[in-house]
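Please open the structure in your viewer and keep a selection tool at hand. The stops below are meant to be taken in order.

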Amino acid sequence: MNKHNHKNVKHIKEYIYLDNIEVNSILAQFEDGIPKVIEEIKQSTETNAVETAHKMSNGVSGGVNFGAKGEFNFNGEYEANNSDTNSEMYQEAISTVYHDYAVNIMTKELDDVNLLKTTTKQPEGAFVQLTSSFNIIDPMIISSNIGDEMVSFLLSFNTNNDDLSNAKEGFNLITNFGKLLNNLFPNSILLSTNNALTIAEKDNFRMNESQLKSLVLANRKITILGKIESIISENDLNSDLISEGLLNNPVALTTLMPKFSFFLLSSFGLIKKDDRLVKPIAIYFE
């Protein structure tokens, strides 16, 4: 008989992205934000510290002394080194717990004051928690040139030379598109979801490039907790980017490349009018 109570089963979140600075900034603006996180983690730390100390007290002690009968025991240096290692690992674990648990506190604080929305149809500056199917675009991976030799190998079982030539042109087109995206969105990964595009800083991901590739095949829904920075308008997707009026307006010229960036994304069906551009705070599966 299964003794586990299924009502107590928790959903374990798989965090793949976390902006710790944003999390702490938001918590700092709530009276019970950071203090509540610290108190919760402190209680957990003190409990675990007692358990750790108890376990360590059962460790080996004494000096490395050889007796007349060849008996020996270890000195305290081993215990001290082991203690230092455990302490470093313990502090690292507590730091991770703090940041992950802080997201829960932040989400609750925002929700309690009705600042957290679950749909994209929100104004600029709104906090949103969006759960959706997704497409992930890593410009760095797309821009990787696999070369003609690799393309030839991939298509080595196809004896049609015309198909081989077309395939090479197709791969070159994809590579050039990736290079352009990489220049327009440096150090970023794009996530396309329902009515939104999330531009995430690559350094905040908890996955390397190889692991990120696996997400291309994922069918799970992703949850993005973030803030709406802007809304795509019809004018932002105008193909007539370089007009006479724009060329005569130096200030307007500063919007040329940003607008071109989103015009390019719209051309490939990644965004459309009224889509929201989201700056992520946390991204996870559950």
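Predicted model: local features only at pLDDT ≥ 70, side-chain atom pairs only at ≥ 80, totals over all residues.

**Salt bridges**

The structure holds eight salt bridges, and the tour visits some of them. Begin by selecting Lys279 and Glu22, which form a salt bridge whose closest N and O atoms are 3.0 Å apart.

Next, select Lys108 and Asp112, whose side chains meet in a salt bridge with an N to O distance of 2.9 Å. Here both partners sit in helix H3, and because they are four residues apart, about one helical turn separates them. In general, an α-helix has 3.6 residues a turn, so residues three or four places apart point the same way. Lys108 is partly exposed, its relative accessible area being 45%.

Then move to Glu209 and Lys202, a salt bridge in which the closest N and O atoms lie 3.2 Å apart. Is Lys202 buried or exposed? With a relative accessible area of 17%, Lys202 is buried, whereas Glu209 is partly exposed at 35%.

**Two loops**

Select Asn114, in the loop between helix H3 (76-112) and strand S2 (116-117). Its phi is near 60 degrees, a positive value in a residue other than glycine, and Asn114 is exposed, with a relative accessible area of 52%.

Now go to Asn195, which is placed in the loop between strand S5 (188-193) and strand S6 (196-201). Asn195, too, has a positive phi near 60 degrees without being a glycine, but Asn195 is partly exposed, at 35% relative accessible area.

**A helix and the residue after it**

Finally, select helix H10 (residues 256-267), whose twelve residues reach 16 Å from the first C-alpha to the last, close to the 16 Å expected at 1.5 Å a residue. Show the side chains of Ser261, Phe262, Leu264 and Leu265, which are buried. Looking down the axis of H10, you will find the buried residues within an arc of 150 degrees, so they line one face of the helix. Just after H10, stop at Gly269, which takes a positive phi of about 75 degrees.

Terms used
Residues numbered from 1 in each chain as written. Heavy atoms only, no water. Expected span 1.5 Å × (residues − 1). Buried < 20%, exposed > 50% of the residue type's maximum accessible area, 1.4 Å probe, protein only. Arc of directions from axis to C-beta. Salt bridge = Lys/Arg side-chain N within 4 Å of Asp/Glu carboxyl O.
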